[in-house]
Amino acid sequence: MHDKTLAELTRSLEAGEFSSRELTQHLLGRIDRLDGKLNSFITVTYDQALVAADAADKARAAGEAGPLTGLPLALKDIFCTQGVKTTAGSRMLDNFISPYDATIVEKLEAAGTVSLGKTNMDEFAMGSSNENSHYGAVKNPWDLDAVPGGSSGGSAAAVAAGLVPAAIGTDTGGSIRQPAAFCGITGLKPTYGRVSRYGMIAYASSLDQAGPMARSAEDCALLLGAMAGHDLRDSTCVARGVPDYTEELDTPLAGLKIGLPREYFGDGLDPQVEAAIREAIKVFESLGASVREVSLPHTHYAIPAYYVIAPAEASSNLSRFDGVRFGHRCDNPADLIDLYKRSRAEGFGDEVKRRILIGTHTLSEGFFDAYYKKAQQVRRLIRQDFLDAFEEVDVLMGPASPTPAFDLGAKKDPVSMYLQDIYTIAINLAGIPGMSVPAGIAGSRPIGLQILGSHFTEARLLNVAHQFQQATDWHRQRPAFAEENA
Ligand code: GLN
């Protein structure tokens, strides 16, 4: 049961092989038995899950089941869930019970899914390894010495370990795609504005997007269809119809034009990762695609621009955590200033503080033009690079990450961690959609192929990824951890 994709589970539910309650109980049992070794969940919502599963079974019996009815999933702990603890991986929100649901939580519930709980993450989604969580690091089920990636590391590890068939993550600079790559699953970051950000705790508002993390592109298509769409409660959410993302999955790839950005195959790329990506490209050629090199000349500036813009927006977003309205409050404050200072000093971890300092500095008078404005100008150039490339090709491909998962504790220096994001971060600056798809294994650690498209081409990306998954079985590989604990 715990090995199947959402599409397969639906067929089993339809055939009456098991009920949603049985499936849910089986997975909750696995979480109980196995998650002590992984730490992928912060909160498991046993009771609510069984109530939702029973409702789904009833709906099915009444002939009212949709494609996601009764399917379990997990939510990154950045999505507000009514009546459930919502922490964003921070001590600051350890006591926060959300009074309302995020839009995507409402939508996924309305589609009949069964949430099993809230997954671990880097504090306020800042990180690339999940080691910045107040609730401790998450281990990669493929190799317990390795990180699962970040910041949606709990979501990725839970899916890879067979604790849940799919999970929702968020991606501000790679946090869906890089952990998907490290854990051998399929992840999609939608176009900025495709999915509502209402009720998703803000990190960097002009970059944040929620998206699905699952075992196949088909499953991502099913989930995106349920999550996407206009929302009056998020002014950046685009009013645009939501297609049936499963409809184009079977379109043949003959004639597809693939671009390989020269800048994504340079120094610092692990040779095993490069070899796997080149093999994957050959598969696409055998499916009738043509391949050419393209250039994204401003790639080099993506990390510096991002690490000005994201901390600036974060410092502003995080000013709401002041010890007054919600979240952590220090004991016995001497006065209001002491309350602010100590509540924030105690509530936030080191990486969050570092970014608040950087962001406050770059937004301050005298530095705004030199840093923030400049970074926004560079962002525009980066976006233009992609638009120019998509004049010539349909999709871009390359690695999702320069290396497979690294060891826990290996990147103590923050800058070496930031450099991890080299292939993912520009995509958020440009606002375009991107996927990571399993495309190899180095030793015991998976490798992810990144597929990028122009704005609102999710259906095409899902089609390209699905065709690859029809021709290969990397997405079917499971870590020994999941198999030994069958
Ligand atoms: N690693 C990047 C950061 O730390 C991206 C994180 C994310 O996408 N949330 O900001």
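Which residues are linked with E106 in a network of salt bridges? In this predicted model, where local features need pLDDT of at least 70, side-chain atom pairs count only at pLDDT 80 or more, and totals for chains, interfaces and linings use all residues, the network joins E106, D231 and R233. Residues are numbered from 1 along each chain as its sequence is written, and side-chain values use heavy atoms, with hydrogens and water left out.

Side chains of opposite charge can pair when their charged atoms come close. With a salt bridge taken as a side-chain nitrogen of Lys or Arg within 4 Å of a carboxyl oxygen of Asp or Glu, the count comes to 21 salt bridges. One of these is formed by the side chains of R21 and D54, with a distance of 2.8 Å from N to O. Because R21 belongs to helix α2 (residues 20–38) and D54 to helix α3 (residues 46–61), this pair ties together parts that are 33 residues apart in sequence; helices are DSSP runs of H or I with at least four residues, numbered from the N terminus. R21 counts as partly exposed at 29% relative accessibility, and D54 is also partly exposed, with a relative accessible area of 32%, where buried means under 20%, exposed means over 50% and partly exposed lies in between (1.4 Å probe, protein chains only).

Other salt bridges lie within a single helix. K282 and E279 meet through their side chains at 3.2 Å, N to O, and these two residues, three apart in helix α8 (residues 271–286), are separated by about one helical turn. K282 is partly exposed at 48%, as is E279 at 46%. In the salt bridge between E346 and R342, the closest N and O atoms are 3.8 Å apart, and the two residues, four apart in helix α10, are likewise separated by about one helical turn. E346 has a relative accessible area of 29% and is partly exposed, while R342 counts as partly exposed at 28%.

Aromatic rings were examined next. Rings of Phe, Tyr and Trp (its six-membered ring) are paired if their centres lie within 6.5 Å, and planes under 30 degrees apart count as stacked, over 60 as edge-to-face and the rest as tilted; the structure holds 13 such aromatic pairs. Among them is the edge-to-face pair of Y306 and Y307, at 4.7 Å centre to centre and with 75 degrees between the planes, and both of these residues are buried. The ring centres of F321 and F348 are 6.3 Å apart and their planes stand at 90 degrees, so this pair is edge-to-face as well. Since F321 lies in the loop between α9 (302–317) and α10 (336–347) and F348 in the loop between α10 and α11 (350–363), the pair ties together parts that are 27 residues apart in sequence. Both F321 and F348 are buried, and they belong to one aromatic cluster together with F96, F124 and F326.

The ligand is surrounded by 15 residues, the closest being T172, G173, S175, Y203 and Y306, where a residue is near if one of its heavy atoms lies within 4 Å. A polar side-chain atom of S128 lies 2.8 Å from a nitrogen atom of the ligand, and a polar side-chain atom of Y307 lies 3.4 Å from an oxygen atom of the ligand.

Conventions
A polar contact is a pair of N or O atoms within 3.5 Å; within protein, one must be able to donate a hydrogen and the other to accept it, and residues adjacent in sequence count only if both atoms are side-chain atoms.
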